[in-house]
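Q: I am new to this structure. Please take me through one part closely, then link it to the rest.

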Amino acid sequence: MAELRTAMDRLTDQYDHVPSAALLADAGQQLHKITLLADEAPAGRAQRALRALQADAAALMGQLIWDASQRRDHESARTYYIQSLEVARHLRDPTAEGHALLRTCYLALYGATDYHQGLHLALQAAQVTRGTSQALTGLALLHAAEAYAFLGDDNSCERALLRAEKRLEASNSTDAAHELFTPTHFGRLAGSCYLSLGKYDQAQRFLQDTAAHMQGRRKSRAIVLGNLALASIRGNDLDAGLAVLNDAIDELQGTRGGGGMNIIFRAARELRPWRNENAVQEVQDRLLALMEAA
């Protein structure tokens with residue numbers, strides 16, 4: 001069990017530093033090994049521990065597949081999230097169940113752009129985990145806030161952000177999902193909310209501060225920088241938008257994170273009114289080079 005958990009932790013730690021495609025084979029082998037051992041283990045503590053690890057491994061596999069596909073292969077990712085969810089419910093583990101629900105919420109919000117379904121799943125995850133994990137409940141409420149922002153519901157978004165902030169502030173190192181939460185989560189999601197609501201000055205304040213404190217988490221930082229570039233461009237600050245966009249491309253050079261890639265290409269499309277500017281053409285060339293390196 002210790003060896004299996006160490007191997008899983010190593011894969012999780014690598015996620016933010018290398019392309020997900022490079023981790024898929026190892027992650028698949030680990031999930032297969034864990035599932036076989038769980039199936040063969042006698043009922044009791046060992047089997048339960050293996051099933052808990054299986055739920056985590058299935059969730060990681062779904063995360064890697066979705067990221068490696070540039071957030072396009074929703075169905076394969078959903079298959080693994082369903083596996084994680086079923087194991088969690090078999091164990092009656094609300095934290096693992098909430099994590100699987102939240103991962104499925106991401107598919108709806110950022111893949112299928114089904115914001116109502118994403119909101120439903122985020123609120124369901126918050127409800128399931130409210131008695132077991134302040135961190136996971138807070139994260140679920142953050143994504144509920146973003147769903148409200150996508151739907152243009154300013155007041156509900158603000159209320160969800162406030163509830164999320166209180167939950168996250170109450171979290172500590174004994175939380176069952178402590179490893180899923182980082183101090184930059186709130187700023188990252190709040191900035192994204194204000195971007196969607198068209199409040200570009202507020203978005204920039206949150207995203208700039210968040211990006212400055214995210215050294216080391218390259219895939220997540222690329223998403224933040226991509227959103228910051230969008231906020232700058234939509235606020236008609238072209239120079240700032242281009243500078244941040246170049247930083248985002250730097251972060252993606254070695255990781256090719258699906259979320260960051262999608263956002264920077266969205267930002268590039270919004271540069272069309274300035275397409276004859278030399279600096280804009282240079283960014284477009286860098287994006288082409290990034291795609292050719294795939």
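Which helices do the buried residues of helix 1 pack against?

A: They pack against helix 2 (24–40) and helix 3 (45–68). Contact here means heavy atoms within 4.5 Å.

Some ground rules come before the details. This is a predicted model, in which local features need pLDDT of at least 70 and side-chain atom pairs count only at pLDDT 80 or more, while totals for chains, interfaces and linings use all residues. Residues are numbered from 1 along each chain as its sequence is written, and side-chain values use heavy atoms, with hydrogens and water left out. Helices are DSSP runs (H or I, at least four residues), as are strands (E, at least two), numbered from the N terminus.

Start with the length of helix 1. It covers residues 2–14, which is 13 residues. The expected span is 1.5 Å times one less than the number of residues.

Now its sides. Leu4, Ala7, Met8 and Leu11 of helix 1 are buried. Buried means under 20% relative accessible area, exposed over 50%, and partly exposed in between (1.4 Å probe, protein chains only). Seen down the axis, the buried residues of helix 1 fall within an arc of 95 degrees, so they line one face. That arc is taken from the directions from the helix axis to the C-beta atoms. An α-helix has 3.6 residues a turn, so residues three or four places apart point the same way. The face of helix 1 turned away from its buried side carries exposed Ala2 and Asp13.

Helix 4 (residues 74–91) and helix 5 (residues 94–111) pack at about 160 degrees, with axes 8 Å apart. Axes are lines fitted to C-alpha atoms, for helices over the stretch in contact, and angles run from 0 to 180 degrees between N-to-C directions. Helix 4 and helix 5 are therefore roughly antiparallel. Angles over 145 degrees count as roughly antiparallel, under 35 as roughly parallel, 65 to 115 as roughly perpendicular, and the rest as oblique.

Helix 11 is mostly covered, with 15 of its 17 residues buried. Helix 11 and helix 13 (residues 258–269) pack at about 15 degrees, with axes 8 Å apart. They are therefore roughly parallel. Their crossing is left-handed. The contact includes Ile223 and Leu230 of helix 11, and Ile263 and Ile264 of helix 13.

Two loop residues stand out by phi. Most residues other than glycine have a negative phi. Asn236 has a positive phi of about 65 degrees, though not a glycine. Asn236 lies in the loop between helix 11 and helix 12 (238–252). It is exposed, at 64% relative accessible area. Arg256 has a phi near 50 degrees, also positive. Arg256 sits in the loop between helix 12 and helix 13. At 16% relative accessibility, Arg256 counts as buried.

Definitions and conventions:
Left-handed = near helix turned anticlockwise from the far one by under 90°.
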